[in-house]
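These are my notebook entries on a single protein. I set down what I looked up, in the order in which I looked it up.

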Amino acid sequence: MSNFSKPSRYLFMEIQKMDSSYYNETLHKRFIINAGSGFKMLWKAVKTFLDVRTVAKVQVLGSNYLSVLLDAIDIRVIAVVDVLSALDRVGLVAMVV
């Protein structure tokens, strides 16, 4: 945050306050899976700008994410997303959707 000028920090914080006021509860939970070290470093910097409630709803996970997802999401939902992802990789998702 110290890398930004004072007016830039102020502007960003004001925009963040507006977002929190108008869209504060649109996110229930977000999982970021297979996050590499570069993303994890970026996340450390970005989350300092975000509302504490929003940061608490985001979970950044590495490659060992399945047990955390299974605690929060029904396995049937994960299976459907996985199938759609596989179909997308071979170009068939347009036929399913």
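Among contacts in the protein between residues at least 6 apart in sequence, what percentage join residues at least 24 apart? I found the figure to be 68%. I note at the outset that the model is predicted.

Entry on the fold. I looked up the secondary structure and found six helices and two strands. Read from the N terminus, the order of the elements is α-β-α-α-β-α-α-α.

Entry on burial and surface. The protein has 97 residues, and I recorded 13% of them as buried.

Entry on a nonpolar patch. I then asked which residues make the nonpolar surface patch of about 450 Å². They are Leu 11, Ile 15, Met 18 and Tyr 22. I followed up one of them, Met 18, and located it in helix α1, which covers residues 6-23. Met 18 has a relative accessibility of 47% and therefore counts as partly exposed, since that class lies between the buried limit of 20% and the exposed limit of 50%.

Entry on Thr 48. I placed Thr 48 in the loop that lies between α2 (37-46) and α3 (52-57). Which backbone atom lies 2.6 Å from a polar atom of the side chain of Thr 48? I identified it as the backbone oxygen of Ala 45.

Technical notes: Residues are numbered from 1 along each chain as its sequence is written. This is a predicted model: local features need pLDDT of at least 70, side-chain atom pairs count only at pLDDT 80 or more; totals for chains, interfaces and linings use all residues. Side-chain values use heavy atoms; hydrogens and water are left out. Patches are made of residues with over 30% relative accessible area and no salt bridge: like charges are joined within 9 Å, nonpolar side chains (Val, Leu, Ile, Met, Phe, Trp, Tyr) within 5 Å. Accessible areas come from the Shrake-Rupley method with a 1.4 Å probe; for residues, only the protein chains shown count as cover. A salt bridge is a side-chain nitrogen of Lys or Arg within 4 Å of a carboxyl oxygen of Asp or Glu. Helices (H or I, at least four residues) and strands (E, at least two) are DSSP runs, numbered from the N terminus. Buried means under 20% relative accessible area, exposed over 50%, partly exposed in between (1.4 Å probe, protein chains only). Contact means heavy atoms within 4.5 Å. A polar contact is a pair of N or O atoms within 3.5 Å; within protein, one must be able to donate a hydrogen and the other to accept it, and residues adjacent in sequence count only if both atoms are side-chain atoms.
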